[in-house]
Amino acid sequence: MLEVKNMNLHYGASQALYNVNLKCEIGKVTCLLGRNGVGKSSTLRSITGQHPASSGEIIYDNKLINQMSSEIRAKNGIASVPQGREIFSQLTVHENLMTGFSALPRKQRKIDSEIYDLFPVLKDMLHRRGGDLSGGQQQQLAIARALVMKPKLLVLDEPTEGIQPSIIKDIQFVIGYLRDQGEMSILLVEQFFEFAWDLADDLTVLDRGQVVLSGAKATLDKEKVRQAVMV
Ligand SMILES: Nc1ncnc2c1ncn2[C@@H]1O[C@H](COP(=O)(O)OP(=O)(O)OP(=O)(O)O)[C@@H](O)[C@H]1O
């Protein structure tokens, strides 16, 4: 579904990623792990089209998408839950959800009831402003907004960051549920090791812009992976 091959990425003269390889398959959660500043968000940005790869191939749905704008990538089913959530604080919950419509053809612009089944709190707060929600509720809203786009590839950047444990559990359930539906690939960047390990089917660990460990969870040693990401 998504394959990144030998990707390099620069910010001006400074290189952030070196020959990164990554695969995300349908019906699986792929976790991208690593310490602060090793290039996890940069990898996601190159996949969503927010920052160009300098070289290498990003292949999605059998197409090379390196040159595709982020809007067209979204229309093709790549949805992102950004670090820090980026909720519109002045818009209501409902209006925030509707911003996901921009990636959909007119006929499909509808919020499936499944989204409210997954996040009942959002249904109760539809007319509240995004800025009035707690951090955990905003994170749920950010995930729901991405699901409104009916993604085929869901990219999440540190969804547990700053979130209380009960909501982390809810988010873990939702990601596991989405994976088990078998219709999308999920790429998860996470610092919370146990959360990532529990959800992962496949893992890739970055260090200083390079892949240092990668494979199916069943083939990897948990303690080795933990050591590689420990701060
Ligand atoms: N906009 C930018 N301009 C210049 N350098 C940047 C920019 N964004 C990131 N970098 C640098 O690129 C490297 C990788 O950063 P990136 O944010 O991808 O890491 P990360 O693993 O996601 O870190 P974190 O866990 O802290 O979010 C770091 O050295 C960072 O300083």
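Modeller: Let's start with a definition: two residues are in contact if their C-beta atoms, placed from the backbone, lie within 7 Å. This is a predicted model, where local features need pLDDT of at least 70, side-chain atom pairs count only at pLDDT 80 or more, and totals for chains, interfaces and linings use all residues. Residues are numbered from 1 along each chain as its sequence is written.

Biologist: Okay, what does Cys 31 touch, leaving out residues up to four places away in sequence?

Modeller: Cys 31 touches Leu 188, Glu 190, Ala 196, Leu 199, Ala 200 and Leu 203.

Biologist: And which residues touch the most other members of the largest nonpolar core?

Modeller: Cys 31 is one of them, along with Ala 144, Ala 146, Leu 153, Leu 154, Val 155 and Leu 188, in a core of 57 residues. Its largest share, seven residues, comes from helix H6 (residues 135-148).

Biologist: What makes a set of residues a nonpolar core?

Modeller: The members are buried Ala, Val, Leu, Ile, Met, Phe, Trp, Tyr and Cys residues, joined through C-beta atoms within 7 Å. Buried means that 20 or more other C-beta atoms lie within 10 Å of a residue's own, again placed from the backbone. Buried residues make up 39% of the 231 in the protein chain.

Biologist: Why does the radius of gyration fit a compact globule?

Modeller: The radius is taken over C-alpha atoms, and the rule is 2.2 Å times the number of residues to the power 0.38. For 231 residues a compact globule would have a value near 17 Å, and the protein chain has 17 Å, so the two agree.

Notes: A residue is buried if 20 or more other C-beta atoms lie within 10 Å of its own, exposed if 12 or fewer, and partly exposed in between; C-beta atoms are placed from the backbone. Helices (H or I, at least four residues) and strands (E, at least two) are DSSP runs, numbered from the N terminus.
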